[in-house]
Every structure is written in C-alpha cells, then in structure tokens.
Amino acid sequence: MFKLITWFSMLFVAGSTLVLGQNNTAKDIFILAGQSNMAGRGGVNQGKWDGNIPPECKPKRSILRFTANLDWEVAREPLHVDIDVGKVCGVGPGMAFANEIIRSHRSGTGIIGLVPCAVGGTSINKWGKGSRLYGQLVKRANAALKDGGGTIRAILWYQGESDTLNKDDAETYKGKMVKLIEDLRLDLNLPSLPFILVALASGEGTNTNIEMVRKAQMGIKMKNVKCVDAKGLPLNADNLHLTTMSEVKLGLKLAYAFLLSFSHFH
C-alpha cells in the first residue's frame with residue numbers, strides 16, 4: 001500500500017511558516033499544473049478573494065508548499081499566490097486533496113509536498129516542451145526533489161478552458177495532451193509517473209468546443225493516466241471558475257482517484 005513518507009528531520013516553526021532545517025525532509029510530492037481552476041479562483045469575486053477557508057482546506061504542518069523562491073513552507077490558501085502572479089488567487093483543489101490524502105492514512109507523521117505550477121489563461125500550446133511554463137514546471141519539480149526531497153507521486157492537471165475558444169485548438173487538444181504527458185515523463189525521468197486529469201466544468205468558447213475538449217480529456221488511454229469529471233460542479237458568477245466548495249469537491253475527487261488507482265505506488 002501507498003504510505004506517506006516518514007517525517008525524519010528537525011523542524012523549526014517561525015510564525016505561520018515552517019522552516020526546514022536542511023531542506024532534507026522526505027515528502028510525497030504532487031505537482032499542481034494547468035490554468036486558473038487549478039490555481040484557484042474559489043471565493044474570488046470582482047477582483048477580490050473573500051478569505052473563506054473551508055475546514056477541508058485548513059493548513060497542517062504536515063502539508064508543505066513549494067514557493068516561487070524554491071523553498072518549502074507550511075501550505076495555506078491561496079496556494080498559487082506567488083505563482084499565478086498578476087491575478088487574484090483564491091481556493092483551489094490542492095489543499096482539500098492533500099488533507100484527504102493525510103486523513104485517509106490517519107497519519108500525523110507523513111509529509112505532503114505540493115508544488116504549485118498553474119497559471120491562469122494558458123492554452124495547452126503555452127505548456128508544450130520548449131515553452132517557458134514547461135521549463136518552469138520541470139525546474140520546480142526537480143528542485144523539489146533536491147536534498148532528499150522525496151518522491152513525485154503524481155501530476156494533477158486541470159487545463160483546457162482556453163482551448164475551447166476556437167475549433168482548431170479543441171480538435172488538436174488530445175494529441176497535444178498526450179505529447180505533453182510523454183515529454184514530462186521523459187524529462188522528469190519518471191516513465192510511469194501518474195497523471196490525473198480533470199475534464200472541464202466550463203470553458204471560454206462554445207459548448208461544442210467545450211465538449212470536444214472534454215471528450216479528448218476523458219478519451220486519453222495511457223498507462224497511469226486517470227481522469228476525473230468536473231462537469232456539474234457549481235461555478236462562480238463568471239460562469240467559468242469553480243466556487244470554493246466546488247474546488248473542495250474537486251480536491252476530494254482527485255484524492256479518491258489517486259488513492260483508488262495509485263495507492264500501491266512506492
């Protein structure tokens with residue numbers, strides 16, 4: 001069975017931030033990537049975040065976040081505050097996901113390391129190999145592993161709303177997503193790295209294009225690739241972004257998918 005890696009180094013708590021003595025605490029690492037609904041817009045309305053943090057998203061010292069400065073600290077909402085810059089971030093699925101992984105193992109000694117990489121408004125073309133976002137994801141993932149950082153357990157991917165804007169992008173989405181998975185596995189030297197994709201709840205384009213991208217996401221049949229469906233989760237007033245509680249529900253869906261399909265990974 002999947003077991004959370006044991007916390008074995010000395011830790012120092014300073015205010016709200018957990019500072020790791022030598023940055024050598026072994027962690028089970030999850031990369032959060034995609035666009036705004038992964039970065040989190042829960043509770044964001046008219047350019048402001050309401051600050052509401054549901055119990056499922058409360059911080060724990062056993063859940064860490066990899067900052068933009070490549071340091072580990074106690075994770076708290078908004079997870080992408082220094083990653084998806086220039087935008088207002090709110091609640092995303094990451095904290096609910098991590099809390100459920102911890103809860104399911106009833107362990108207070110395991111460490112979850114979340115590596116936020118999502119950037120709002122990004123089409124899949126902006127994530128292809130050779131792009132800035134691709135390079136940043138690989139750089140952050142490798143940096144998170146340094147000094148005994150642990151093991152990358154999965155990439156959680158929620159993206160595609162921007163690819164619904166025109167038919168050509170929607171039609172070519174599947175092939176680009178498959179290529180992205182192949183490239184990341186190769187460059188991270190993790191040929192069996194699990195990916196958990198989210199099928200869109202919304203999009204910026206027509207319903208036809210949204211369904212085309214959703215079909216592509218749910219139709220990817222690759223080893224260690226799973227898909228959870230966000231369709232039907234309530235949206236903010238903008239009819240594009242998930243509400244706070246929808247982000248919580250999505251985080252739980254992602255956790256259940258990981259535990260069901262990948263909990264045997266060591």
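## Serine 246

Serine 246 counts as buried, because its relative accessibility is 1% and the cut-off for buried is under 20%. This value, like the others here, comes from a predicted model. The residue lies in helix H7.

Leaving aside neighbours within four places in sequence, serine 246 is in contact with Leu233 and Pro234. Leucine 233 is 13 residues away along the chain, yet its C-alpha atom and that of serine 246 are separated by 5.5 Å. With proline 234, the side chain of serine 246 reaches the backbone oxygen at 2.6 Å.

## The nonpolar core

The largest nonpolar core has 75 residues. Ile31, Leu114, Tyr158, Met177 and Phe258 have the most contacts inside it. Helix H7, which spans residues 244-262, gives the most to this core, with nine residues.

Isoleucine 31 shows what such contacts look like in the sequence. Residues up to four places away are not counted, and isoleucine 31 touches Val115, Cys117, Leu137, Ala141, Ile152, Ala154, Ile155 and Leu156.

## Arginine 153

Arginine 153 is found in strand S9, residues 150-158. Its relative accessible area is 6%, so arginine 153 is buried. The side chains of arginine 153 and aspartate 28 are joined by a polar contact of 2.4 Å.

## A β-α-β unit

Strand S10 (residues 195-199) pairs with strand S11 (residues 225-229) in the parallel sense, over five bridges. Within this pairing, leucine 197 stands opposite cysteine 227 in S11. Together with helix H6 (residues 207-218), S10 and S11 make a right-handed β-α-β unit.

Notes:
Residues are numbered from 1 along each chain as its sequence is written. This is a predicted model: local features need pLDDT of at least 70, side-chain atom pairs count only at pLDDT 80 or more; totals for chains, interfaces and linings use all residues. Side-chain values use heavy atoms; hydrogens and water are left out. A nonpolar core is a set of buried Ala, Val, Leu, Ile, Met, Phe, Trp, Tyr and Cys residues joined through side-chain atoms within 4.5 Å. Buried means under 20% relative accessible area, exposed over 50%, partly exposed in between (1.4 Å probe, protein chains only). Helices (H or I, at least four residues) and strands (E, at least two) are DSSP runs, numbered from the N terminus. Contact means heavy atoms within 4.5 Å. Two strands pair if DSSP finds at least two bridges between them. A crossover is right-handed if, with the strands pointing away from the viewer, the path from the first strand over the helix to the second runs clockwise. A polar contact is a pair of N or O atoms within 3.5 Å; within protein, one must be able to donate a hydrogen and the other to accept it, and residues adjacent in sequence count only if both atoms are side-chain atoms.
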